[in-house]
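Thank you all for coming. I would like to walk you through one model, going helix by helix and then on to a pocket and a few backbone details.

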Amino acid sequence: MTGLSCGLRLAEAGIKATIFDKGRSIGGRMATRVSPEGFEFDHGAQYFKAKDDDFQRVVEEVRCADAVSNWGDGSGDQHLVGTPRMNSFPAKLGEGLSVRQGINITQIYRDEDSWSVHTDDDVFDAENVVITIPAPQIPALIGMGHPLSERLSAVKMTPCITLMAAFSGGQSADRRDIGLSDEDLVWIANNSSKPGRTASDCWVAQASPLWSEARIDLPVKETGKEMLSMLCSKIGFDPLDVKYVEVHRWKYANVSEPLGEPLLKDLTNSLFLGGDWCLAPRVEAAWLSGRAIALAIINKGCPEV
Ligand SMILES: Cc1cc2nc3c(=O)[nH]c(=O)nc-3n(C[C@H](O)[C@H](O)[C@H](O)COP(=O)(O)OP(=O)(O)OC[C@H]3O[C@@H](n4cnc5c(N)ncnc54)[C@H](O)[C@@H]3O)c2cc1C
């Protein structure tokens, strides 16, 4: 979302940018997993809010194209979700931008007057570079000794182990349990109750940072079994009715200690770092960081990113 926000604002100003993403599909942590059997799970961000005027405007445009809807819970609160999948929202935003999926960036360094961006197979030159990956992963790209790496060390991100489970038995209730903060599971939702979903009985459960931290390196089969049992006892299902189970380990899921400013930039004013980790563990924070970086680039009047 940070990269897309930045790319879109730059495009509005007529500045061309190429976005490289190692993921197979667009969206980063606004992710949807589709099983071979057709079960679907939003296994990253569950819903998002748009309070900022500019973000609201963009969301409204995407809503008109049916790629965002409100997952209303009767309270009148905003619970926006991509439709028919969470990653439909970033996919819509990425239309018209130059986004290259499946490209893993391995190293970025300053080479005289430009930047060398190394991927697994290639090297690209750039006048300006924007990095929007989770903060703890950035020093590996720019070097542990880079002055910005020290600033990044103040940012803390927590893991989240996520269970995806599909059941038989027609359990299509609109259920989401928010704020189970004292428990090992901090979120449970029937993904199928979100608007536009066709697959039924697809549930998502997220473990607490503490629980996840203790198990992040354990085999997923083990954690999956434990989480399935916790989920079933919460929602009153029989684990034997499960038709599909999968676990995703988000090592850097949510920022617990953000930077407190929307971006970082280096002394050459041509390397910019951003992400949700700058401000808050939310989609909108990612959007705001990306826009702030774009404005910093636009304001220096550069021709190409
Ligand atoms: C389990 C979970 C639940 C959440 N729930 C909510 C919620 O309910 N509401 C909410 O608002 N927010 C939620 N969030 C947070 C929200 O998803 C994030 O704030 C937001 O999506 C972050 O966007 P981003 O662009 O900053 O980072 P990311 O989405 O992480 O994007 C970073 C991108 O960089 C790519 N990348 C990483 N390394 C490389 C590399 N070396 N080379 C190339 N590409 C690379 C990744 O593939 C990814 O696409 C949740 C997150 C998780 C994980």
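Predicted model: local features only at pLDDT ≥ 70, side-chain atom pairs only at ≥ 80, totals over all residues.

Residues are numbered from 1 along each chain as its sequence is written, and side-chain values use heavy atoms, with hydrogens and water left out. Helices (H or I, at least four residues) and strands (E, at least two) are DSSP runs, numbered from the N terminus.

With that in place, consider helix H7, residues 220-235, whose 16 residues reach 22 Å from the first C-alpha to the last, close to the 22 Å expected at 1.5 Å a residue; that expected span is 1.5 Å times one less than the number of residues. Which residues of H7 are buried? They are Thr223, Gly224, Met227, Leu228, Met230, Leu231, Cys232 and Ile235. Their cover, counting contact as heavy atoms within 4.5 Å, includes strand S11 (156-167), S13, S14, helix H6 (209-215) and strand S15 (242-257). Just after H7, Gly236 takes a positive phi of about 75°.

Strand S14, one of those covering elements, spans residues 202-207 and holds Trp203, which counts as buried because its relative accessibility is 2%. In the loop between strand S13 (185-190) and S14 we find Asp201, which has a positive phi of about 60° although it is not a glycine, and which at 3% relative accessibility also counts as buried. Most residues other than glycine have a negative phi, and most peptide bonds are trans. Asn269, in the loop between strand S16 (264-265) and strand S17 (271-273), likewise has a positive phi of about 60° without being a glycine, but at 23% relative accessibility Asn269 counts as partly exposed.

Turning to helix H2, its 12 residues reach 17 Å from first C-alpha to last, close to the 16 Å expected at 1.5 Å a residue. Asp54, Phe55, Val58, Val59 and Val62 are buried in H2. Why do they lie on the same side of H2? They do so because they cover an arc of only 135° around the axis, the arc being that of the directions from the helix axis to the C-beta atoms. The face turned away from that buried side carries the exposed residues Asp53 and Cys64. Covering the buried residues of H2 are, among others, strand S4 (68-70), strand S5 (80-82), H3 and H8. In the loop between S5 and H3 sits Pro84, joined to Thr83 by a cis peptide bond with omega of about 0°.

Finally, H2 gives the most to the lining of the second largest pocket, with five residues. A pocket here is an open set of points on a 1 Å grid over the protein atoms alone, where a 1.4 Å probe fits, with protein on both sides within 12 Å along at least five of seven lines, and lining residues have an atom within 4 Å of a point. Of the 13 residues that line this pocket, Leu8, Glu12, Val58, Glu61 and Trp287 are the closest to its centre.

Conventions:
Buried < 20%, exposed > 50% of the residue type's maximum accessible area, 1.4 Å probe, protein only.
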